[in-house]
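Q: Hi! I've got a model open and would like to talk it through with you. Could you take a look?

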Amino acid sequence: MYSLGFVSAILPNYSLEQVLKFASENQFECVEIMCWPGNSADKRRYAGVCHIDVDDPALGHAVELQEKYGVRISGLGYYPNPLDPDKEKSEFYIEHIKKIIRAANKLNIPVVNTFIGRNPHLNMPDNLALFEKLWKPILDVAEQEQVKIGIENCPMLYTLDEWPGGKNLAVSPAVWDHMFKVFPTPLFGLNYDPSHPVLQRMDEIKPLYQYKDRLHHIHLKDIKFDQEKLDRVGMFALPSEYHSPKLPGFGDVRWNAFFSALGDIRYRGPLVIEVEDRAYEGSPEDVEAGIRTARNYIKQFLP
């Protein structure tokens with residue numbers, strides 16, 4: 001059945017062992033582990049977290065720790081912008097994704113989660129052409145290593161440097177259809193988060209049925225949409241001006257329908273809570289309480 005976990009990015013100061021120990025003590029079966037490079041200069045919230053350094057030749061400890069605590073790693077996560085207009089940055093991000101894919105194979109971890117990326121200076125057709133060019137070598141490595149790729153559907157449109165187009169193309173079924181037509185390998189799929197369609201005023205349930213064979217990993221996050229604020233600033237303002245990420249159950253995602261759909265399609269993969277709720281970030285104790293609060297809400301839907 002389902003395997004319930006959380007994203008390790010919310011525990012940036014924990015070691016891998018501390019993360020897995022916390023998961024074990026709090027009734028989680030899995031964790032998505034962040035694998036940013038150790039010298040990452042990315043200062044975005046939740047970015048730059050490294051619980052497994054894929055440049056470290058001693059990767060075997062990750063296998064031992066999973067066995068020690070009875071918690072498996074659901075996937076390795078790294079969320080940069082591979083289509084960055086800075087060629088040097090783009091090449092670095094792409095090469096690091098490849099390293100993570102190879103590490104996932106060595107560790108017998110089934111999926112690597114990331115973003116497609118976006119060049120904010122290009123229109124959509126030109127970005128799609130750039131995606132086809134830059135993503136082929138990544139997916140070639142995924143094929144060689146037989147590791148799945150889960151693309152998160154986050155628009156990455158929250159700060160002034162990301163406005164107006166965001167830094168991730170893969171935000172809609174129209175783009176996903178193009179992605180999977182260009183690269184039809186079944187290894188290429190989604191790390192689906194229902195909060196992102198809600199932000200875009202889209203149906204968050206339909207994609208579960210439409211892309212059931214491409215669901216490699218699922219994030220559980222909610223958002224609270226503030227219509228009153230939207231009425232004031234308009235939809236072309238920064239989305240952070242009219243919505244807030246929330247723990248599951250505290251926002252507008254239709255969780256009853258969501259889990260009903262997962263049952264209908266017989267999804268059997270990981271369900272990983274992503275905590276980005278500022279109400280639960282005041283202290284380390286608040287963060288841990290947030291993870292447990294989300295767990296308690298989600299548990300009602302699980303067998």
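This is a predicted model: local features need pLDDT of at least 70, side-chain atom pairs count only at pLDDT 80 or more; totals for chains, interfaces and linings use all residues.

Q: Thanks. How far apart are the closest N and O atoms of E91 and K87?
A: They are 2.4 Å apart, and the two residues form a salt bridge. E91 and K87 are 4 residues apart in helix α3, so about one helical turn separates them. Helices (H or I, at least four residues) and strands (E, at least two) are DSSP runs here, numbered from the N terminus.

Q: And is K87 buried or exposed?
A: K87 is exposed, at 59% relative accessible area, while E91 is partly exposed at 40%. The cut-offs are under 20% relative accessible area for buried and over 50% for exposed, with partly exposed in between (1.4 Å probe, protein chains only).

Q: Which residue does R254 form a salt bridge with?
A: With E204, and the closest N and O atoms are 3.1 Å apart. That pair links distant parts of the chain, 50 residues apart: R254 is in the loop between β9 (243–246) and α9 (255–264), and E204 is in the loop between α6 (195–199) and α7 (206–210). E204 is buried at 4%, whereas R254 is partly exposed at 40%.

Q: What about D252, which residue is its salt-bridge partner?
A: K224, with the closest N and O atoms 3.6 Å apart. D252 is in the loop between β9 and α9 and K224 is in strand β8 (residues 222–225), 28 residues apart.

Q: Changing topic: how many strands are in the closed barrel?
A: It has 8 strands, in the order β1-β2-β3-β4-β5-β6-β7-β10, with parallel pairing. From one strand to the next, the twist averages 30 degrees. Two strands count as paired if DSSP finds at least two bridges between them.

Q: Over how many bridges do β2 and β3 pair?
A: Over 5 bridges, in the parallel sense; β2 covers residues 30–34 and β3 covers residues 72–77. C30 has R72 in β3 as its bridge partner.

Q: Which strands does α3 lie across?
A: Helix α3 (residues 87–107) lies across β3, β4 (111–114) and β5 (148–152), and runs at about 155 degrees to β4. Axes are lines fitted to C-alpha atoms, for helices over the stretch in contact, and angles run from 0 to 180 degrees between N-to-C directions; contact means heavy atoms within 4.5 Å.

Q: Nice. At what angle do α4 and α5 pack?
A: At about 35 degrees, with the axes of α4 (residues 124–145) and α5 (residues 173–182) 11 Å apart. M124, L128, F131 and E132 in α4 meet V175, H178, M179 and V182 in α5.

Q: One last thing: where is A47?
A: A47 is in the loop between β2 and α2 (60–69). A47 is buried, with a relative accessible area of 13%. From C-alpha to C-alpha, A47 and P80 are 8.5 Å apart in space, and they are 33 residues apart in sequence.

Key
Residues are numbered from 1 along each chain as its sequence is written. Side-chain values use heavy atoms; hydrogens and water are left out. A salt bridge is a side-chain nitrogen of Lys or Arg within 4 Å of a carboxyl oxygen of Asp or Glu.
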